[in-house]
Amino acid sequence: MNKEALIAKTKGDRINAAMGKGQKLVWFRDNMDTDEIQYDKQVENEVKKIWTKNELVLLLDLYLDRHKEQLEELQAKKDLGRLLSPKEALFLENVKTERKEAEMAGLEVPDLTSTAMVKYLRTWDGDLNSVTDIKLVKVKPTSVLQNETKPKENDQNNDISKITGMTVE
């Protein structure tokens, strides 16, 4: 591969990464004032200036469910025994990968817990060159957070119980 081709490939990769991040940020900008979330504190007819971490998690849940109708249509197609087109199969794989990433490590979302970031995101024009100016935080979906907060059984006590036949309290 010659030098010009390598530079063009690197530039294309950078643009694709910025477009993916930009599309996510545009979704959050356009949907951060949705009525689908029960906000902790919301004054009627007032523009929200800051989100709690819990509200940010709920907004992430909405983001992950944004393709719900399309997924149901594709699943109905599969149930009828139809083969999916390569484009549909790729779409399904991308949605699964995104959800898996969110559940394992969390997804980067705009930091709406900062008043300055909320103000910046509201006025942001979608310019990909300014994507790096938006501070992101990693957030996990509600389903993962609920599983993490469940008390885990004490493994050491279970091992002792198995060996001795006695229960440890």
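Which exposed residues are carried by the face of H5 turned away from its buried side? The answer comes in point 3, after the basis of the model and its overall layout.

1. This is a predicted model, in which local features need pLDDT of at least 70 and side-chain atom pairs count only at pLDDT 80 or more, while totals for chains, interfaces and linings use all residues. Residues are numbered from 1 along each chain as its sequence is written, and side-chain values use heavy atoms, with hydrogens and water left out.

2. The protein chain has seven helices and two strands, and from the N terminus on its elements run α-α-α-α-β-α-β-α-α. Helices (H or I, at least four residues) and strands (E, at least two) are DSSP runs numbered from the N terminus. Of the 169 residues in the protein chain, 25% count as buried, where buried means under 20% relative accessible area, exposed over 50% and partly exposed in between (1.4 Å probe, protein chains only). Among the contacts with a separation of 6 or more, 69% are between residues 24 or more positions apart, a contact being heavy atoms within 4.5 Å.

3. Helix H5 (residues 115–123) has Met 117, Val 118 and Leu 121 as its buried residues. These cover an arc of only 100° around the axis, and therefore lie on the same side of H5; the arc is that of the directions from the helix axis to the C-beta atoms. The face turned away from this buried side carries the exposed residues Ala 116, Lys 119 and Thr 123, while the cover over the buried residues includes helix H1 (3–31) and strand S1 (107–110).

4. In the loop between S1 and H5 lies Asp 111, which is buried, with a relative accessible area of 5%. Not counting residues up to four places away in sequence, Asp 111 touches Met 117, Lys 135, Leu 136 and Val 137, and Met 117 is also one of the buried residues of H5.

5. The largest nonpolar core has 22 residues, of which Leu 60, Tyr 63 and Leu 112 touch the most other members. Such a core is a set of buried Ala, Val, Leu, Ile, Met, Phe, Trp, Tyr and Cys residues joined through side-chain atoms within 4.5 Å. H1, H2, S1 and H5 are the elements that give two or more residues to this core, and the largest share, six residues, comes from H2. Leaving aside its neighbours within four places in sequence, Tyr 63 is in contact with Lys 24, Trp 27, Phe 28, Glu 98 and Leu 107.

6. Helix H2 (residues 53–64) also holds Leu 58, which is partly exposed, with a relative accessible area of 28%. Leu 58 and Thr 142 are 84 residues apart in sequence, yet 6.9 Å apart in space, C-alpha to C-alpha.

7. Glu 88 lies in helix H4 (residues 86–104) and is buried, with a relative accessible area of 18%. Not counting residues up to four places away in sequence, Glu 88 touches Leu 74 and Lys 77.

8. The lining of the largest pocket consists of Arg 66, His 67, Lys 87, Leu 90, Phe 91, Asn 94, Val 95, Thr 97 and Glu 98. On a 1 Å grid over the protein atoms alone, a pocket is an open set of points where a 1.4 Å probe fits, with protein on both sides within 12 Å along at least five of seven lines, and lining residues have an atom within 4 Å of a point.
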